[in-house]
Amino acid sequence: MNQKKSTILTTIFIALCFSWTGSSYISWLHQLKQFYDVNFVYIVTESWGGYLPQIAGILTWSYFVATNKKWAFTIPFLTFLCGLDALFVMGCIFPSQSSLVLCSGFIISYLHGILCGFYLTLLAMMVPKQHRGLAFATGYAIGSIASYLLSLPDSGNFLAGKAISVVYLLMIAATIGMLPAIQKQIAQLQTDIPQADLEQSVANATRQPQITDKTTVFRMLLAPAALIFLVTLMNQFMNAIPAISYLNGTIGLEFSRAFYAIGLLLAGYINDKNRRFGPLLCLLALVFSLISLGLYNTPNVTLLLAIIGYITLAFPIVYRVVSFADATDYNKTLLFLAPVGLAIGRLGEATGAYFGLMLTEHHIATIVTLSLLFILISILVYTINMASVVITETEMSVAVETESQPSLSFEEFYDLSKRECEIFDLILKKASNPAIAESLFVSENTVKFHVKNILHKTDCKNRKELIQKAEAYQSE
């Protein structure tokens, strides 16, 4: 599988999905404002009403993956999902009564959750770890900018009008149109490549060790899960009242999403450089939120605070996705965990929004709660980063131990899989890709996939260098 191609394909698919799911959420918000007051709309869209259906949708998808429901990855099912989503999006845009708008919004939140679970699973399956943060961030950034651009026509009211329905239908059709290419990549993962190679090679071209004990992976995720929940809870808690200004029209939600895109790209790039920076960015986002909360309603700074706030708001978004997607690299049978980080974050956001409104008039209780949360989050960030150091040192010790064993064969030294060893032997005999494919009864694309992995593992640029390196190793 061409990793660059699969990364680009996944990024485009995420961008397309988030463009219409995120924008249709804003359209739903606009329609609700015609029937309900601002405080009720906030509770519905930013607290339990809006987030719980999406959480349920994400967990539904995780259940499909955990129980090996292969039909969930098929074009007919995904087409049906998109079609059903389109139907209820229309129910939000063409309201006949308030209850229809409300119920349609809850249903699209649930369906959006299932679709979100699908593309986050793709992110874990098809994008290498070293590019995963930026791939996700780019997709969401493009979607956020698309929401902003779609809001510009009709004097900034296009998302609130009926004409936007045509755009949504075209976007959903484009999403369905991408499914054959997506399914082709999935099929290559599931059939063309042997399972043993899938666990080694599709684990994102890293030398990351496989952990067969699932309980160990779950324990590794406890601290990140707690951090994701508490950071999103605290962030939403502090933004509960300022967020009302978006709904009142003081600051446009679409406008703020453009700056959200900047934060996403920044967080994606930094996370890919070093995963240990992810928790630190979460802490930085909270520090800014605390500062902005104290300066809220200060003349001439409200807009600036909103801009910087949306940039830093993206920091935890990227971390909660990549931390759980990365966990699947340790054990590919845990692929169902890929979207769970987002579900935990949504639960934190719903909880934070609710209690933020409940404690608005209780200043002492608010200060004590925020202080305790910040201390706890700081401890979690320290714990996670120290655990990352331990894992890195362990991997380095394993590498040193491996390098100190001169009795290993070339194939063992570079941890080639059984299939890679077969192909490697034929490469030494100067066999071409078509000849190797014919000899091993596999497709030529499969041969190319394994040759690329062999070159990557041995740090060689081409076959000639690989043969020279193998000969030099054997002569030692």
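This is a predicted model: local features need pLDDT of at least 70, side-chain atom pairs count only at pLDDT 80 or more; totals for chains, interfaces and linings use all residues.
**Entry 1**

Next I checked Y119, which at 3% relative accessibility counts as buried.

I then counted aromatic pairs and got 17 in the structure. Y119 and Y140 make one of them, edge-to-face, with 6.3 Å from centre to centre and 75° between the planes. I looked up where the two sit: Y119 is in helix α5 (residues 98-126) and Y140 is in helix α6 (residues 129-151), so their pair ties together parts 21 residues apart in sequence.

**Entry 2: the cores**

I moved on to the largest nonpolar core, which has 112 residues. Y119 and Y140 are among the residues with the most contacts inside it, and so are F13, W61, F118, L264 and I377. Helix α5 gives this core its largest share, 15 residues. Another core lies apart from it, with 21 residues that include L416, F424, L426 and I427.

**Entry 3: around W61**

What does W61 touch, leaving aside neighbours within four places in sequence? I listed A72, F73, F77, I114, G117, F118, T121 and P339. I also found W61 in one aromatic cluster with F13, Y63, F64, W71, F73, F77 and F118.

**Entry 4: out on the surface**

Last, I looked at the surface and found a nonpolar patch made of L134, L265 and Y269, with about 260 Å² of accessible area together. Y269 belongs to helix α11 (residues 253-273), and at 47% relative accessibility Y269 counts as partly exposed.

How values were computed. Residues are numbered from 1 along each chain as its sequence is written. Side-chain values use heavy atoms; hydrogens and water are left out. Rings of Phe, Tyr and Trp (its six-membered ring) pair if their centres lie within 6.5 Å; planes under 30 degrees apart count as stacked, over 60 as edge-to-face and the rest as tilted. Helices (H or I, at least four residues) and strands (E, at least two) are DSSP runs, numbered from the N terminus. Buried means under 20% relative accessible area, exposed over 50%, partly exposed in between (1.4 Å probe, protein chains only). Patches are made of residues with over 30% relative accessible area and no salt bridge: like charges are joined within 9 Å, nonpolar side chains (Val, Leu, Ile, Met, Phe, Trp, Tyr) within 5 Å. Accessible areas come from the Shrake-Rupley method with a 1.4 Å probe; for residues, only the protein chains shown count as cover. A salt bridge is a side-chain nitrogen of Lys or Arg within 4 Å of a carboxyl oxygen of Asp or Glu. A nonpolar core is a set of buried Ala, Val, Leu, Ile, Met, Phe, Trp, Tyr and Cys residues joined through side-chain atoms within 4.5 Å. Contact means heavy atoms within 4.5 Å.
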